Amino acid sequence: MAAAASPATCARASASVPRAGRLAVRVAALPADGRGDGAAAYKELGLYSWKKRIEDAVNRVEISASSALELEEAKRIKQEEVLRSRNLWDNPAKSHETLSALADAIRVVDHLKDLRYKAEEAKLISQLAEMDVINRELFKQAYKSSIDASEYLDRYQMYKLLKGPYDKEGACIIVTAVSEGVASEMWAEKLFGMYRSWARKQGCKVGLIEKIASTSGHLQSAAMEIESEYMFGTLCGEKGLHRMIYSSLESSGTYQAVSARVDIIPLFLDRPVYIQLDDNDLKISPSPDEHKKRDSRNGASVRVQHIPSGLVAESSGERSYFANKLKATSRLKAKLLLIARELKVSEAKMISKDAIEEMCNRETRKYTFGPQKLVHDLNTGIQLSELNSVLEGDIEPFIRGRIISRQ
């Protein structure tokens, strides 16, 4: 994380602003309740709302971060005690789990300390701006620090709600056009763009991105791997059918609908997927022999189907046929693992095609285009009229609502 500017640097930045461009209002002239000439001066410069937000963020961090830091420090100390009392070679798998938990605890403690530092920095910069003169640039810096601190606290509190067995893993987002036709394929591409925008805005670590085109040249399916922690737990509520409803071009007053399917599977980067599959239950296309006969370039798409359930996974982003085969098989295993857990069955062979069809046809969200734009999330009941904003990646209300509803 980039180091913040020191108070001395901030003071020099304040001194460098031309005197004529300043409004000399000192701290002593600003009443504690925000009324009077001080408040008027802030409003005149458009800084009043910034000042209020900085104060609110700092107060929130001071109250919440201290208790969170105390809790996480206790966890770290406990993990260290467990590690000291254990012979690492007696049970390497258990030792790896303990070491991983300790590393997580240390990282969270460091982040919370940095969080408090950001809040103190915002508070100090705000005070420096008032003591010298009201300085817009200093307030921008304080505002940014307070927003960063508040956003991290939001993520920390949200992640504490994610307690599922795979919630901490990264995620692979797979978007597929449900039916043939340009409308469905273009809608799938629009949805995939929504998730790419969301990942970019969140600062996520995005790995492999792959697209498979349809015969018409539009998007048949696309996959994006997000390697950041807790992405599966964050995004798993997005799984299901996403339906676009739009006005018919042929008949006014009537509407048409197309759908795209979104699948969210955990991205197991540090551990294999433990689920037993019989090779005879898998259909791989193209087969190695067919691939050689086609003389395809490296990176040809590989499709793996689990015959008993009919479930399919694909990969096209790796450099070789065998790498794509391994990736597709890994994705298939992750899908089967989730479904087996949801259906409470012990073996993949026990997953029926009927159960798969029912799960795949669950509708998650409706996007209505037209004079009255509306996005309706069926999992949470949340409805938003800012359709364009949602399609640009602003899906946090749905994500947070879903996580809270799981508790």
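Glu 238 sits in the loop between α7 (231-235) and β4 (240-247) of this predicted model. Helices and strands here are DSSP runs, numbered from the N terminus (H or I, at least four residues, for helices; E, at least two, for strands). Glu 238 is buried, with a relative accessible area of 2%; buried means under 20% relative accessible area and exposed over 50%, with partly exposed in between (1.4 Å probe, protein chains only). Leaving out residues up to four places away in sequence, Glu 238 touches Tyr 195, Val 262, Ile 264, Thr 364, Arg 365, Ile 395, Phe 398 and Ile 399, where contact means heavy atoms within 4.5 Å. As for Val 262, this residue and Glu 238 are 24 residues apart in sequence and 6.8 Å apart in space, C-alpha to C-alpha.

A word on the ground rules: residues are numbered from 1 along each chain as its sequence is written, and side-chain values use heavy atoms, with hydrogens and water left out. Since the model is predicted, local features need pLDDT of at least 70 and side-chain atom pairs count only at pLDDT 80 or more, while totals for chains, interfaces and linings use all residues.

Two strands pair if DSSP finds at least two bridges between them.

A second open sheet is built from 3 strands in the order β6-β7-β8, and here the pairing is antiparallel. The edge strands are β6 (282-285) and β8, each with a single partner strand, so one side of each lacks a neighbour in the sheet. Between β6 and β7 (residues 302-306) there are 4 bridges in the antiparallel sense, and Val 304 in β7 is the bridge partner of Ile 284.

Helix α9 (321-343) lies across β6, β7 and β8, running at about 145° to β8. Axes are lines fitted to C-alpha atoms, for helices over the stretch in contact, and angles run from 0 to 180 degrees between N-to-C directions.

Next comes α10 (residues 353-360), whose buried residues are Ala 355, Ile 356 and Met 359. Seen down the axis of α10, these fall within an arc of 100°, so they line one face of the helix; the arc is that of the directions from the helix axis to the C-beta atoms. On the other side of α10, Asp 354 and Glu 358 are exposed. The buried residues of α10 pack against β8 (311-315) and α9.

The two helices, α9 and α10, pack at an angle of about 95°, with their axes 12 Å apart. That makes α9 roughly perpendicular to α10, a label for angles of 65 to 115 degrees (under 35 is roughly parallel, over 145 roughly antiparallel, the rest oblique). Where they meet, Ile 339, Glu 342 and Leu 343 in α9 touch Ala 355, Ile 356 and Met 359 in α10.

Taken as a whole, the chain has 12 helices and 11 strands, and buried residues make up 41% of its 407 residues.
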